Amino acid sequence: MPLHDKHAVSVSMPTWDSIWIWRERQSWAMDVLQSCYPRFYLHQTVQNLTDAVSARLSLSDQTTCLIFPSSDASRRLIATLAAKYPDQSFCSVQFSLPESKDIEAQWLAFSVAILPQSCLSSAMDFWAIFGDGISSRHAECSLVALPSMTSHSNNTRFETSPFLKFISQRIPPGIVEKRSIKQLISHFVTSEKPDHRPVTTNDVFLYPKGMCAIAAVIRALIPTDSTNSEAVLYGWPYAETLHCVEASGYNRYTWLSQSNEEELNNLEASLQAGNKIRVLFCELPSNPQLKSPNLPRIHALARRYGFIIACDETIASFVNVDVLPYADVVITSLTKIFSGVCNVMGGSVVVNPNSPHYHEIHSAVTSIYEDLLFPLDAIVLANNATNFEQRVHQSNSNALTMATLLEAHPLVDKVYYPSMVPSRVFYDQVKRRNGGYGCMFSIIFHDPDDAIVFYDTLDVSKGPSLGTDFTLAIPYTQLAHLDELDWAEKNGLEKHIVRISAGVEKEKELVDRVQSALREVEGKRKTFCRG
């Protein structure tokens, strides 16, 4: 999804059973799969480039490769795999147009990590967690240019020469569009408080995916002082964020999964006892339970004990919330509501110019930064974002209407929405004057079987991602934690959550669809009772 777009970044999962079919990689489903979320799977265009590179390098059936836009990413993957598989051999290969300093030629270059087929599963974990894989538009252009490229490697087996003359594809540089994206972000993220300096485009860093942005901040903030090398994750994070912190090199990390005042009390007691932390990561609100952290209190602790706050506000959107008075770094997945069309990926990092850590953070992020947002992706993203603010307000309204309808239904146990959970007071502390409560909510039915019937009969698009122009549903825990459902439930995440991201359709249309699905649930229950 969306239909007929070869760069779509979601995939239809129309029934509850679809998740299990995906989990088991059933062959009939894999054969007809046309797209998938690009961090979970190799996009077909990326697979085509991978196959062409494998043929060019004459890789054996026991060897495979993954392709990245930068040598740094392939180097980090190889280092990760070498540590896990010390008896295996790995290699990197760089593809580029020979002796060309043209901007287009620089963008067509890519890096390849060569690895044993037996290590591919672990390599795909890296692909999913860090989000460093090449984009479909980049792969598409590089595939056309591949015959004109040369390959370089420390292994002479993989040194190859071009066999066709390069013909320009006239790829625009995307400079204007990237500046436009930065200007839009800096405008909306700037605080409403009059005593706060506005964000400038120099404070905004763009990335090819949201997870790339998260991972870059995580890596940039790893301290050299081991006594200070602890990261705290406050609240239920995006699944890959937790794994990213685990895999990035902090000596310690603490996960405060319930995001309640008791956990903050314990954190404060630990800090008072002399424990030092480097950074606290949080989301506003959390996914999928839509809990909001007590940012003012966390901010007070950070100033007292000197740690950094990194806040991911993707779900709320900086149109709705003003987090800069309380966060040193703001991270956003631009793939979501900033784009809305679900046909391009991107991420951003904003370093708060009002933060006492500003120069330290800005320098650390800059030191490892590469502009890897492919120009054609930037152009699509900039075009998609032109009506960003309007879409946020429309989806706010639609989400609130649907959440209110569902909360009042007797078959529904609870609805998670920022204005309907106990942490609303914390959301309201950072809500902008004209802001709303976001596009996303989650539903818990009294009977888990009702959740399945509701999901299966709800007439909306179904699949991963959120913030799309079209309403999108997914049984979140089943997909995000499909291999760890019992672990997730033990830590407070219900197995049968139905998560809905409201689109910009007409309100009555969405209400009718929700009511129709509820009637199907009621009908199934009556049939069951008569039986």
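## Close-up views of helix packing and the nonpolar core

**View 1. Packing of helix H9 against helix H10.** The crossing of H9 and H10 is right-handed, as seen in this predicted model. H9 packs with helix H10 (residues 239-246) at an angle of about 30°, the two axes lying 10 Å apart. Because angles under 35 degrees count as roughly parallel, H9 is described as roughly parallel to H10. On the H9 side the contact is made by Met211, Ile214, Ala215 and Ile218, and on the H10 side by Glu240, Thr241, Cys244 and Val245. Sorted by class, the residues joining H9 with H10 are six nonpolar, one polar and one charged.

**View 2. Packing of helix H4 against helix H6.** Helix H4 (residues 71-84) meets helix H6 (residues 120-130) at an angle of about 135°, and their axes are 10 Å apart. That angle makes H4 oblique to H6, and the crossing of H4 and H6 is right-handed. H4 contributes Ala73, Arg76, Leu77, Thr80, Leu81 and Lys84 to the contact, while H6 contributes Ser122, Ala123, Phe126 and Phe130. The residues in this contact of H4 with H6 comprise six nonpolar, two polar and two charged.

**View 3. The largest nonpolar core and the surroundings of Phe454.** The largest nonpolar core holds 172 residues, of which Val53, Phe110, Phe441 and Phe454 touch the most other members. Helix H9 (residues 210-220) gives the most to this core, supplying nine residues. Once its neighbours within four places in sequence are set aside, Phe454 is in contact with Leu406, Ile443, Phe445, Val498, Ile500, Val514, Ala517, Leu518 and Val521. Another core, of six residues, lies apart from the largest one, and its members include Val9, Cys342, Phe470 and Leu472.

View 4. With a relative accessible area of 0%, Val53 is buried. Val53 and Ile67 are 14 residues apart along the chain, and their C-alpha atoms are separated by 9.1 Å. In soluble globular proteins, nonpolar side chains tend to be buried together.

Terms used: Residues numbered from 1 in each chain as written. Predicted model: local features only at pLDDT ≥ 70, side-chain atom pairs only at ≥ 80, totals over all residues. Heavy atoms only, no water. Core = buried A, V, L, I, M, F, W, Y, C linked by side-chain atoms within 4.5 Å. Buried < 20%, exposed > 50% of the residue type's maximum accessible area, 1.4 Å probe, protein only. Helix = DSSP H or I, 4+ residues; strand = E, 2+ residues; numbered from the N terminus. Contact = heavy atoms within 4.5 Å. Axes fitted to C-alpha atoms, helices over the stretch in contact; angles between N-to-C directions. Parallel < 35°, antiparallel > 145°, perpendicular 65-115°, else oblique. Left-handed = near helix turned anticlockwise from the far one by under 90°. Nonpolar A, V, L, I, M, F, W, Y, C, P; charged D, E, K, R; others polar.
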